[in-house]
Amino acid sequence: MTDSLDPGALDSEDLDGHSIDELSDYLDSGRSPRNPDIENSPGCQIALAALTRLRATTWAMLEAEAESDPERDNVWITRVLDNIKREARAGRDIPISHPDPTVELTVTEGSVRGLIRAAGDGTGGAIIGKCVLDGDVTVPGEPIEVNVTASVAWGENLQAIAALMRARILDDLRLHTELNILSVNVMIQDIHTRHSATTKDVQ
Amino acid sequence: MIPDRHGGLSDAPDGILAARVADGDVAAFGVITRRYGPLMRAYAVRLLGSDIESDDVVQEAFLLAWNRMSELADGASVRAWLMRIVTNKAIDRIRVRKQHADISDWDAPTPANESPAHIVEVRMQFSALSSAVRKLPETQQRCWVMREIGGSSYSEISEQLELPLSTVRGQLARARQTLVDEMEAWR
Amino acid sequence: MSIDLDLSRELTRLVQETEGVTDVYAAGSLGTVISLSAVNAVSDSADDAKVAVARSTERVDIHANICVNSSHSVPVTLRAVSDVIATYLNTVGSAEPAFISVKASRIE
């Protein structure tokens, strides 16, 4: 490699005093704040277009290389998941009453969160995200607020889905816990479409 | 009437999955590993030049990701975050390697699967870029891959590769120049 | 020791058969229960002995960690499990008072 830049698409003489470095940084910043000097230079425009194409091709290349090999992926994904299950987050212990003081019954916060996710998932194609039990769940009778976020399928009635989800979650919590639920709050955070979430749309 | 549709976890946006993982949902983590594992491995192969080691790096990265998912700020890009973890894990390996062996240990990455049926123009562009990247000197290649794929900042690259900031900038400028020239020749 | 291992095996079997229980987990990290008496603690030493039995001079602690089928009420299932354990301890008879703790770690 030589120290001087080869003449080519990014010939520095055409860049009106700007460097490739500078243009790459400008691109990284999403061309904001707008730099009129760069935007009005034909040479810079050509270079920016070339850098943009390079970047797009880079990701396309990586995705092509990443074309999954399902069998191979299954092996290591299973290994990873096996390793993490052992330390799944249990959270706090939530008491369940028993008349005999020598008996102690509890249900873990982690399993209750799983219960809430299962109750809310699928309601109009919704998917539960975060799930928080606000309040001291370790003390019987303490008022508890349930706060969940959710992503809802495109085109659904958000109000109706949130209401139905609340009802389902509340039903399941009443069946499976003795928590004093003050309210279940559903915050719709996202709208998703089928197969919307691929690596491409994160670009 | 609201229809119920189950089995949608694989369609869930990253942010929702990350929130579930932070709450201990193993199934959501499975979706993330499937969504980004292959991409992370391809990146690790680019950084390490080794197919076998890259598997280990990606596994280590995911184990760390599971434990740290709650630290991921709301709305942050899960992919960028995972790529960053891969960068760190791969750099650890490169450092260890440096202590044990000389530079010739570095193998050229295996080319992507190139069956004749796949050779369409777009594909050839990847191949062109792929071989152009592979032809870059090792340091240029690493700087470029860390910057463009791993999303590392100049100072992070400088720190991790133990190179002066000015060298990193110079290496990146040269890599970009070469790659753009090669790619433009294809147009 | 071997008596407690047998006791653990029998309790594991009984808990596993309780309605609403889909799985019994090895009580690996017992926290307070085990620390009361580190002596004679039996837990994950055997695959079929998952219910922990910890004995001291003045008490015996039993701990079961279970997965509950979501079509069964968790409180009802937990009580059923503790009843099964208490009933069994009564039939075999024990000099020391028994303390039973049952935890639902998963609902599916």
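Predicted model: local features only at pLDDT ≥ 70, side-chain atom pairs only at ≥ 80, totals over all residues.

What covers the buried residues of helix 1 of chain A?

1. The cover includes helix 2 (36-39) and helix 3 (42-65) of chain A, together with helix 8 (165-184) of chain B.

2. The buried residues of helix 1 (residues 20-28) of chain A are A:Ile20, A:Leu23, A:Ser24 and A:Tyr26. These residues lie on the same side of helix 1 of chain A, because they cover an arc of only 160° around the axis. After helix 1 of chain A comes A:Gly30, with a positive phi near 75°.

3. A:Met61 belongs to helix 3 of chain A. Is A:Met61 buried or exposed? A:Met61 is buried, because 23 other C-beta atoms lie within 10 Å, where 20 or more are required. When residues up to four places away in sequence are not counted, A:Met61 touches B:Phe126, B:Leu129 and B:Ser130.

4. The contact between chain B and chain A takes 58 residues from chain B and 64 residues from chain A. On the side of chain B that touches chain A, at least two residues each are supplied by helix 1 (14-22), helix 2, helix 3 (51-68), helix 5 (121-135) and helix 8 of chain B. Helix 2 of chain B accounts for the largest share of this side, 13 residues. Divided by class, the side of chain B that touches chain A has 27 nonpolar, 13 polar and 18 charged residues.

5. The contact between chain C and chain A draws 18 residues from chain C and 19 residues from chain A. Helix 3 (74-92) and strand 4 (98-107) of chain C each supply at least two residues of the side of chain C that touches chain A. Which element gives the most to that side of chain C? Strand 4 of chain C does, with ten residues. The residues on this side comprise ten nonpolar, five polar and three charged.

6. Strand 4 of chain C also pairs with strand 2 (residues 103-108) of chain A, in the parallel sense and over five bridges. Within strand 4 of chain C, C:Ser101 stands opposite A:Glu104.

7. For chain B, the domain assignment gives domain 1 (8-98) and domain 2 (115-187). The C-alpha centres of these two domains of chain B lie 22 Å apart.

8. As to confidence, chain A averages a pLDDT of 84, and 86% of its residues score at least 70. Over residues 1-9 of chain A the pLDDT is below 50, and this stretch has 15 contacts in the model beyond near neighbours in sequence. Residues 196-203 of chain A also have a pLDDT below 50, with 16 contacts in the model beyond near neighbours in sequence.

Notes. Residues numbered from 1 in each chain as written. Chains lettered and ligands numbered in written order. Domains from an automatic or database assignment. Buried ≥ 20, exposed ≤ 12 C-beta atoms within 10 Å, placed from the backbone. Helix = DSSP H or I, 4+ residues; strand = E, 2+ residues; numbered from the N terminus. Arc of directions from axis to C-beta. Contact = placed C-beta atoms within 7 Å. pLDDT = per-residue confidence, 0-100. Nonpolar A, V, L, I, M, F, W, Y, C, P; charged D, E, K, R; others polar. Pairing = 2+ DSSP bridges.
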